[in-house]
Every structure is written in C-alpha cells, then in structure tokens.
Amino acid sequence: MTEAAAVGIGASVRRKEDVRFVTGKGRYTDDINQPGQLYAVFLRSPYARARIDAVDAAEALAVDGVAAVLTGRDMADDGLGDLPCGWLVKQADGTDMVSAPHPPLAHSVVNYVGEPYGVVIARELEIARRAAELVETEFTEREAVVDPDRAMHSEDIHEGVVGNLAYRWTLGEQAATEAALAGAAHVVRLDLVNNRLIPNAMEPRAAVGVYDPGSGDHVLYTTSQNPHLERLVLSAFVRVAPEHKLRVVAPDVGGGFGSKIFVYPEETTVIWAARRLGRPVKWTAERSESFLTDAHGRDHVTHAQLGLDADGRFVGLKVETVANLGAYLSLFGSSVPTYLYGTLLAGQYRTPNIFVEVHGVYTNTVPVDAYRGAGRPEATYVVERIVEAAARQLGRNPAELRRINLIRPEDFPYQTPVALVYDTGNYQASLDRALALADYAGFPARKAEAARRGKRRGIGLSCYIEACGLAPSKLAIQLGAGVGLYESGEIRVNPTGNVTVFTGTHSHGQGHETTFAQIVADRFGVGIDDVEVVHGDTGRVEFGLGTYGSRSLAVGGSALMKAADKLIAKGCRIAAHMLEAPLDAVGFDDGRFRVRDSNQSLGFGEVAFAAYVPANYPEDLEPGFSEKAFYDPENFTYPAGTHIAEVEIDEDTGVVELVSFVAVDDFGNLINPLIVQGQVHGGLAQGIGQALYEQGIYDDWGQLQTGSYMDYCMPRADHLPDFVVDTTVTPCTHNPLGAKGCGEAGAIGSPAAVMNAVTDALGREDIAMPATPEKVWRALAGR
Amino acid sequence: MYSFNYHRPDSVDAARQLFEQAEDGIYLAGGQTLIPTMKQRLAAPSDVIDLASIRELRGLSVEGGTVRVGALVRHAEVAADADVRRALPALAALAGMIGDPQVRNRGTLGGSVANSDPAADYPAAVVGLGATIRTSSRSIAADDFFQDLFETALTPGEIIVGIDFPVPRRAAYRKFPNPASRYAVVGVMVAEFDGGIRVGITGAAGCAFRGTALEQALAERLDPAVVEQVEVPDAGFNSDLHASADYRAHLVKVMARRAVEDLLQR
Amino acid sequence: MKLTLTVNGDAHTLDVAPNTLLVDVIREHLHLTGTHVGCDSSQCGACTVHLDGRAVKSCTVLAGQAAGARVVTIEGIGGPGRLHPMQEAFRDRHALQCGFCTPGMIMAAIDLVRHGDGLDRQSVRRGLEGNLCRCTGYHHIVDAVMDAAAATRDATAEVGHD
C-alpha cells in the first residue's frame with residue numbers, strides 16, 4: 001500500500017523517461033538514419049515578397065551526388081494540394097475568413113523570407129548545400145508589407161485579399177459595452193503591443209521520409225506534437241498519400257511549445273520526394289532555418305479601454321486588436337487571436353460588458369500560430385495591464401481593486417460575457433496565497449531599501465485565467481474547427497499482467513510516460529514500472545489529436561480513465577464468474593477484484609491471465625483484456641492563479657533585474673507535483689523572456705533581424721531568478737481526474753506581472769515588451 | 001562548411017610557409033569565431049592552418065612588470081592563472097567574462113585580438129593596458145594595432161606570437177554584455193600607471209580605441225565623479241538592435257565610472 | 001584525412017573530410033547520438049562534450065583539431081544502471097523535460113563542478129551560461145547541479161579521510 005501510494009496519483013515520481021535522456025539514449029528524429037538515405041536542402045526566398053520568374057537548376061544537377069532538384073512547380077504538377085488552415089473563422093458580418101492559398105513549396109510567388117520554393121536532394125548533406133548555391137533563381141522583388149498596423153492600408157499581398165484582411169472578428173455586445181464606458185466614472189485607456197516571439201524548441205525541426213515501392217507504404221519520422229493530425233492533413237488536404245498508406249512517427253521530440261503542432265512545407269516535401277526518388281530523404285533544420293520558418297507567436301497591437309464605477313467596479317471592457325497572421329494562415333493561426341483570445345478577456349473578473357474586435361491581417365512575415373499559451377497570454381496581458389493601470393490611476397491598491405471585482409466562489413458556474421462558462425475556481429485563495437508568499441505588504445520597505453542602493457524597485461501582479469483542453473468538439477466544429485477535440489486512450493493488459501498504454505497525446509517534455517503510467521498504476525494497483533506508455537506513432541496508436549493547449553492530462557488522461565473503467569468492469573465480470581459470485585457483489589479496489597462481504601478475491605494479474613487463457617470464463621464474454629476509449633470533454637478546464645513579480649531597475653544602465661517571482665496556480669488535482677513544478681518553471685521562463693528579453697524583429701524590407709541566438713535573446717540560467725511556486729486546488733468539475741492542465745500557465749500569467757512591476761518602478765505605462773535596457777534607460781531619461 | 005585543406009604545422013616558419021603557398025589561407029587558433037563563420041559559409045578559405053601545435057605560441061608568465069601571454073593561451077587559462085590573478089587581476093577578470101565557459105575553454109588571446117571583432121573583450125585590455133603585440137616579424141604597439149572593423153596592423157601571413165601586458169598599479173574592466181550573444185555592447189578597461197591613466201574601450205565603435213578625454217580627466221583626478229564631467233560624443237559609434245549610438249556613449253561613461261570605482265577598491 | 005582520437009576510452013582511427021566537425025565525427029561516424037546539435041552559431045551548448053578534460057562545444061571544433069585528443073561524450077560518463085552522480089541528480093531533481101539540451105547541460109555541469117570552487121546558486125547559473133534550455137526555466141537544473149556538487153564534495157571529503 002505504501003509503495004503504491006508513493007507512485008500513484010499525487011506522488012512526485014521520478015520520470016521513467018529520464019534514464020534514456022540523461023544517458024544520451026533518447027531517439028530524436030535527427031538520430032534516425034535509413035540505409036541509402038539522401039539529404040535535402042531547401043531553396044528559400046531571400047525576399048519578403050517577390051514573383052518567381054525562373055528557376056535554373058542545370059548547374060546544381062551537374063554536381064556529382066545530386067539526385068534531384070525539385071520545385072514548387074513539380075509539386076503542383078504532381079497534384080499535391082495546399083497546406084490548409086484548420087479553423088475557419090466566421091467574420092463579424094457572417095462571411096467566411098479569407099484564406100490565401102498556401103502551397104507547401106511556392107511556385108509563383110514568395111511571401112516571406114525563408115519561404116521554400118524548391119529542394120535540392122543529394123547523397124551527402126554538404127553536396128546538397130553546395131548544389132543549392134548553384135541554383136539560379138530569378139525573382140522580381142515587390143514591396144513588402146511588414147507592419148501589421150499598416151497592413152490594411154498597404155498593397156494587397158494576395159490576390160483577392162482586400163486590404164490584407166483575413167478577417168474582422170468580434171465577440172461580445174458592442175453597444176452595451178460602449179454605453180457602459182460612456183457611463184463609467186473612470187475610463188482607463190491603454191495601448192499595448194504583444195511582441196512577436198520565436199518559439200525555439202531546442203530540437204530543430206526535422207523529417208525523414210521513407211517509401212516502400214513494394215507495399216506502397218510511406219513512413220514519415222518527424223518532429224510533431226500530433227502525428228495523427230499530421231497524417232490527416234497530409235492525406236486529406238495535401239494528398240501526399242492515403243491515410244492507410246501513411247505512417248507518421250514522432251519519436252522523442254525536443255520541445256514544441258506549439259511550434260511543432262503545425263504541418264510544415266519541409267516534412268511534406270520530404271515524404272513526397274522519398275516516393276518520387278524511391279530513396280529515403282532526410283532533412284534537419286539548421287537553427288537559422290528555424291528562426292526563419294518555424295511559426296512565430298503573438299504579434300498583436302491593441303487598444304483597450306476599461307470603465308470603472310465610482311467604487312472601482314469594472315463596468316465595461318472594450319478591446320481592439322490587430323493580429324499579425326503572417327504571410328499565410330498556418331494550421332491554427334486563425335483561431336489564436338479569436339477563439340483563444342477574445343473569449344478570455346473576462347479574466348477572473350465580473351466585468352458585465354465586454355466587446356472585442358480583431359482584425360487578422362496578412363503580412364510578408366513567416367506565419368504566426370500558437371505558441372505556448374496561444375491567445376491566452378495576449379488576453380491576460382491586456383486585462384492585467386489595464387487593471388493594474390486602473391489601480392494606479394485611481395490611487396487604489398492593485399490587489400484590492402482586483403479583489404472587489406473577482407468572480408466569487410459562489411458565482412460558479414460563471415457565464416462570462418465572452419462565451420465561456422467557468423466551471424469552478426477560487427481566485428481569492430490564489431491571490432491571498434501569492435500576496436503572502438511575495439510579502440506584498442512588505443514591499444514599501446523593500447522599495448525604500450532599494451532606493452538607498454540607487455535602485456528603483458517595482459512590484460506587479462497578474463491574476464490570469466486560461467482555458468485548457470479545448471472543448472467540446474461539437475461546439476468547436478460549429479465555430480469553424482476542422483477537427484474534433486476529443487482524445488483516445490487504449491489500455492492493453494498483457495497476459496502476464498503488465499500493462500501497455502496507448503495515448504493519442506504526445507509527450508515532448510511533459511512527462512506523459514510517467515504521469516500516465518501513474519494514473520494507470522494507481523487505478524489498477526500495479527507497479528509503475530509495469531506500465532509502459534506508447535505515444536507518437538500512428539502505426540501503434542489508434543488515433544489522437546496530440547498535445548497542445550495543456551490538454552493532455554485533462555483530455556488524454558481522462559480517456560485513459562474511461563478505458564480503465566471499462567477494463568475494470570470487464571474484470572469484474574470475469575472475477576464474478578471465476579469466484580461464482582453475483583456480478584453486483586464484485587468490486588475492484590487496491591489491486592484486487594473482491595467479493596463484497598467475503599474474503600474471496602482475485603489479483604489483477606490473475607484476472608488478466610484468465611482473460612487470455614479463458615479456461616474458466618464467462619461464455620458470453622470475449623477473451624482478451626484490452627479496452628479503448630474516446631473522451632470528448634464537455635467544457636474547457638479553467639486553470640487560474642496569481643503571479644507576482646518584483647524587479648529592480650539600475651537607473652544608470654536601464655537593466656531590469658527580476659529579483660523575485662511568485663506563482664500560485666490552481667490546476668485542479670495534481671498527478672505529479674514535481675512535474676507540475678517543472679511545467680510552471682518552464683512557462684515562467686518563456687513569459688519572463690517575452691517581458692524582458694525576446695522579440696522577433698523584421699526590418700522594413702521583411703528581413704528577420706533576430707535570426708540567431710546572437711541577436712534573439714533566449715533566457716539563460718543567469719537571466720532568471722529562483723522561482724517561488726505553489727498551488728491551490730479546486731478540482732475540475734467535469735473530468736474524472738479533476739485536473740485542469742498546467743503547461744501554459746507560466747507563460748500566460750507572467751508577462752503582465754513582470755511588466756506591471758517594470759511600469760511600477762518606472763512610474764509610466766508606455767514601455768513595450770521586451771523591456772530591454774535601452775528602452776528602460778530611454779524611459780527613465782525621457783529620451 | 002566549404003571544403004578546405006587542413007594543416008597543422010609545428011613552427012611559426014612552417015605556418016607562414018603554408019600561408020604563402022595557399023591560394024587563400026587562414027590561420028586557426030581556438031576557432032570560436034572562425035569556425036562559426038565558416039559554418040555559415042561566410043568564409044571560404046582554401047587552406048586552414050591550425051596553429052595548435054606551435055609550442056612558441058604557448059606559455060603564460062609574469063616577469064617583472066609584464067604579463068606575457070602566448071597567442072594560443074586560452075581565455076580560461078588566463079582567467080584561472082594564479083600569477084595573473086595576483087599581478088593583473090583585471091586581465092584575469094576580463095578573460096573570465098568572455099563568451100561562456102565552453103568558449104573560454106577553446107578561445108585564445110591571439111585569435112581574439114587578430115580578429116579585431118568590435119565587440120570582443122580582449123582588445124579593451126590590449127588598448128587599455130598599452131600592451132605590445134609580438135608577431136612573427138615585429139612588435140606592434142597597442143595604439144597602432146586596431147585599425148577598423150575586423151582590421152588590424154597585421155600584414156597577410158603575419159602571426160601573433162604573444163602579447164605583453166605591462167602591469168599597472170591598478171586596473172579594472174567593466175563590461176555591459178549583450179544579453180543574447182555575451183559579447184560586449186560596451187567594455188571599458190581603466191588602468192592606472194605611474195605615468196598616467198589609460199582607458200581602453202571596446203564594443204562602442206568599429207574597433208577598440210583609447211578614451212583619451214577620459215584619460216586626461218582621470219589623470220587629473222582619479223575619481224568616479226570625474227567621469228560624469230567628460231563628454232563622450234557618439235559620432236562613429238555602432239548602432240544596432242541592441243544599442244543605439246547614444247546609448248552606447250552613455251554606457252561608456254557608466255562602465256568607465258564603475259571601472260574607476262572598482263580600481264579604487266584595489 | 002586520417003586522424004586518431006580517443007572517444008569514451010576507445011581509440012578510433014577515422015578517414016574524414018577536413019571540413020568535418022567534431023560533432024559530426026561523434027554523431028555520424030561513431031553513431032553516438034546523445035550529443036545534439038541545437039544551433040549553428042555556437043551558442044546553445046547542446047553539443048557540449050569534454051575535450052582533454054574540459055567542456056567544449058563540439059560543433060565549434062574541427063575534427064582535425066581533436067586529432068590525438070581524449071573526447072568524452074554523454075555516453076562515456078555513465079549509462080542506464082550506472083548513472084554518473086550528475087545524471088542521477090538531474091533525474092532526481094526533474095532537471096530535464098524534453099531531454100534535448102540535457103546531455104550538453106550535464107557535460108557542462110560536470111566541468112563546472114569539477115573546476116568551480118564554492119559554487120552557490122548564482123555561480124551555477126553563471127557557470128551554465130553556455131547552455132540554453134527552453135523547457136525547465138533552469139530552476140531544477142540549478143537544484144541538480146547543487147546536489148551533485150555537494151555529493152562530489154562529500155565524496156572528496158571521504159577520500160580525504162582515507
């Protein structure tokens with residue numbers, strides 16, 4: 001019993017997968033080599049916007065060892081389709097969004113620097129690189145549209161997309177909100193930029209395509225967060241191969257943060273080329289390619305107005321945002337600044353009137369899509385910056401102004417004015433705990449002490465809400481989603497009693513091999529080492545939608561709970577038969593099937609064995625001990641919490657030092673608290689990175705200025721403080737685990753907390769993320 | 001990387017000969033700048049001449065009033081060397097701030113100085129301490145060495161053998177690192193000699209240079225407050241994503257002031 | 001060109017092109033895929049190995065430069081069932097998530113503990129500035145390195161008593 005408790009739900013079990021990772025035995029896509037494989041190097045646009053006039057590959061093809069030079073024209077001639085956008089957003093006027101065609105390899109025009117229009121494939125990587133330099137491409141360069149704020153008044157990038165507008169989308173009641181603002185005692189206005197971020201999973205994207213001409217089978221090894229979705233898109237939309245002839249394997253994947261959800265041109269090309277050439281084809285991104293071509297995140301320009309009554313109660317919030325979608329609509333790019341953004345603008349508050357208007361615009365930059373938090377950090381940033389600004393303008397304590405506006409425990413389920421129904425939460429509890437951990441009350445003394453050292457100290461809060469485990473399928477599909485939002489799980493109990501678990505989610509750092517094993521081990525009372533979790537292979541796992549939006553545990557874990565319930569029900573029937581007891585007298589607990597009010601029982605393994613060697617077995621029951629389940633959640637889950645940042649600014653240099661960071665989060669029930677802590681830490685680092693260090697910058701010609709680690713500042717160990725993290729718990733009311741999801745909270749709550757601290761220290765609101773030393777110095781010097 | 005011929009001679013003469021014979025030869029020291037440049041296909045030498053086996057380029061000693069550092073001495077060695085830390089702690093500290101630990105375990109003094117990267121740290125020490133660069137054919141004074149962006153007084157094929165740093169009474173180096181790359185946005189070495197003050201500045205302009213106005217002011221009174229009175233015009237200063245010219249000029253003063261503060265503690 | 005080097009205690013003689021990097025020797029020629037490549041500007045540190053006892057970025061060393069040298073990779077410090085104390089500490093402290101930066105981080109951390117005196121959390125953070133991790137926020141990595149440093153100190157102290 002004690003042993004089971006130490007590995008079961010709620011235990012900080014050491015991760016099962018770590019032995020292979022700490023010994024260098026992980027198997028990432030670039031570690032996979034196939035006999036006879038060729039290497040691909042992509043031909044990429046040097047221009048942000050140009051017409052392709054001619055591609056002359058003669059010289060490249062003459063290089064010894066070059067197998068092929070293929071272009072976007074070849075791909076189109078082969079009948080391959082465009083890369084789709086998976087979420088069709090309805091505009092405010094009821095029409096569909098305007099989606100520009102996105103060929104995997106460009107054939108007529110290129111629309112961002114780095115866009116691939118061809119590929120050189122050779123026996124050795126170095127040969128392919130050299131040959132790629134010999135391809136002569138004639139372009140006619142055209143004026144690039146780079147600034148999202150000006151995109152609607154610039155030349156149209158895509159034929160038929162007037163004013164570069166993909167959509168104008170609204171949510172909430174405009175008239176009521178404007179009336180509330182008109183009648184408000186105070187109106188706070190704020191202009192905000194949510195800076196463009198480059199995801200930078202440490203493993204660059206990669207793909208190995210293999211084709212077997214004998215069977216017609218295609219195997220694609222690739223860095224994907226959702227191999228089944230990859231297969232679905234490649235078969236149904238791009239038409240590379242029929243679904244049953246395409247196996248997609250996402251082996252160990254070195255981080256994703258959203259950027260590996262999407263189907264990219266490169267893996268599409270690799271699997272297509274493998275078939276065309278009859279040889280395996282491999283591609284691994286160089287980091288500079290990752291910077292140019294991984295979907296970027298955020299990039300909003302927003303004007304917000306918050307109305308308050310004389311007591312400080314929020315009466316209305318109006319938000320106008322221009323969202324940069326990049327050159328094409330990436331797989332989920334359209335949904336991020338709409339359904340994942342506008343719906344979150346109530347935050348933790350009882351604001352009665354909210355209206356949001358989003359203009360999604362095309363620019364000549366790489367597509368923008370989901371990056372850790374996806375829409376929810378942007379929403380939190382708007383709400384929490386303006387609430388803090390309101391407190392300052394009104395001379396109110398920021399914590400107390402929030403407190404009088406919070407949704408109260410008795411208000412749940414709470415219908416917001418922006419579509420969502422929050423099922424549960426206790427926002428006061430996390431606020432109070434965070435205030436205590438941060439010693440909020442002691443801040444004035446610390447500020448005075450810092451001033452004596454010549455430092456400006458500031459403190460900032462952020463009370464965030466997020467919506468995880470996108471759901472339910474029916475509603476999302478009505479709103480334009482192209483896929484369902486359920487998850488599959490399968491549990492195979494083997495004849496010897498150990499267990500193989502199949503999940504449609506994918507772990508690329510989240511630790512599913514451990515947490516899912518904990519869930520199953522806990523449920524069946526078996527050892528955690530007797531449970532193996534399989535993921536990331538369409539050839540082994542039935543179906544799945546992968547890992548994004550902090551959904552894996554809440555949705556994928558719940559599917560496993562459902563499958564486990566089915567197995568236990570079956571096991572009870574087997575046990576009832578074997579023990580000659582009535583079915584309703586048989587139950588399962590602590591690893592044994594037991595007959596109530598008797599000492600008769602059977603071990604889990606005994607029943608499993610009986611199911612495979614059915615000597616003494618119910619006649620009306622199929623042999624075998626394996627069950628699967630699909631779980632479609634009825635609602636989102638709503639993690640929430642309070643983050644508090646404290647900074648010190650060096651007035652001489654403008655350097656912002658983050659001196660403390662407290663995060664108190666409510667993720668519902670925790671399966672493995674240590675893993676949860678790690679998820680929070682990682683999210684915080686990315687959110688703090690956004691606030692202080694990171695920004696993707698294009699120049700006026702659409703050239704990426706921050707295209708390497710020399711210029712794009714990734715947070716390093718010495719940029720960050722030790723974090724203080726804690727949790728409060730209100731279990732999710734509608735899934736069997738009571739879990740909400742923890743993957744994104746850190747990145748969602750922290751930017752606003754840090755910037756509220758920076759603006760507090762500076763005494764002015766008009767500084768944009770990232771608060772780099774020069775910007776802060778200028779703000780201080782009034783330059 | 002483009003293909004090239006690789007050589008590893010064991011004498012300066014042999015190295016120079018290989019250079020003469022090569023169509024487009026280049027010397028390789030620690031490689032921490034050259035190799036990334038070649039990987040990015042921004043350099044395509046026909047011949048890479050690795051100096052690693054040349055013994056006379058090694059050696060680190062403190063003799064009388066001079067710290068003599070061989071061209072191939074790695075940053076980590078200078079940072080950790082007990083004699084250097086005693087005689088010229090500012091130099092050891094500077095070496096310990098270059099790049100990151102792995103870079104310091106490979107990168108060399110000669111490689112850094114010969115490259116004259118505008119954001120490298122060592123040039124601030126060379127200029128600020130008035131070092132002498134010993135080469136395969138002559139000695140070059142620090143003031144004559146750095147000429148422009150990636151340009152030095154070295155003639156084609158000339159090899160830095162070592163650098164002699166005169167030991168000042170006191171010195172200190174302050175650096176404002178680029179948070180992304182760890183190069184110096186601005187770095188300032190201030191050194192007090194019997195004969196006066198020297199100030200070497202890196203990061204701010206095309207190459208390292210002396211802050212003569214700062215030197216004069218500090219020679220009159222070695223006091224951090226003096227720095228505030230000195231004009232540091234930003235004409236010709238670098239301006240990039242990480243710092244505009246006027247911010248760099250401001251940072252020169254802040255780093256200089258802090259270096260003087262540190263120096264006075266010594 | 002022909003070169004001989006020792007990797008994880010085994011001598012290898014290889015015939016490679018001069019423009020081969022040490023990391024390519026390790027990954028492509030010797031099939032030791034625990035050493036990773038995460039960038040092309042010598043910044044991320046995922047490729048960190050020990051070259052003659054010091055941590056270096058193997059993507060920024062030519063194969064020729066490593067001729068005659070002793071190279072130790074993540075595979076050479078401990079394997080499943082016989083973890084190095086640093087590997088053990090990373091596992092105990094949940095100092096890794098996706099695992100991609102981990103081998104380089106561990107190799108850098110071992111060098112740091114071996115050559116750093118009186119490490120505290122701040123100096124560990126500074127000592128790891130050559131390695132990027134996008135998953136962990138570094139907090140647990142610092143925990144692990146502090147643990148391993150303490151274990152190493154204890155082990156040294158025990159030896160001292162003998």
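**A sheet in its setting**

Reply: In this predicted model, chain A has 21 helices and 28 strands. The radius of gyration of chain A is 27 Å, which agrees with the value near 28 Å that a compact globule of 783 residues would have, and its C-alpha atoms fill a box of roughly 85 × 75 × 50 Å along the principal axes. Of the 783 residues, 61% count as buried.

Within this chain, the part to look at is an open sheet of three strands, whose order is S22-S23-S24 (chain A) and whose pairing is antiparallel. Strand S22 (586–589) and strand S24 (601–603) of chain A stand at the edges, and each has a single partner strand, so one side of each is left without a neighbour in the sheet. From one strand to the next, the twist averages 20 degrees.

Strand S23 of chain A, which covers residues 592–595, pairs with S24(A) in the antiparallel sense over three bridges; here A:Phe593 stands opposite A:Leu602, which belongs to S24(A).

Two helices pack on this sheet. Helix H17 of chain A, residues 552–579, touches S22, S23 and S24 of chain A, and its direction makes about 125 degrees with that of S22(A). Helix H18 of chain A, residues 604–612, touches S23 and S24 of chain A, and the direction of H18 makes about 80 degrees with that of S24(A).

Definitions and conventions. Residues are numbered from 1 along each chain as its sequence is written. Chains are lettered from A and ligands numbered from 1 in the order in which they are written. This is a predicted model: local features need pLDDT of at least 70, side-chain atom pairs count only at pLDDT 80 or more; totals for chains, interfaces and linings use all residues. Helices (H or I, at least four residues) and strands (E, at least two) are DSSP runs, numbered from the N terminus. The radius of gyration is taken over C-alpha atoms; the globule rule is 2.2 Å times the number of residues to the power 0.38. A residue is buried if 20 or more other C-beta atoms lie within 10 Å of its own, exposed if 12 or fewer, and partly exposed in between; C-beta atoms are placed from the backbone. Two strands pair if DSSP finds at least two bridges between them. Axes are lines fitted to C-alpha atoms, for helices over the stretch in contact, and angles run from 0 to 180 degrees between N-to-C directions. Two residues are in contact if their C-beta atoms, placed from the backbone, lie within 7 Å.
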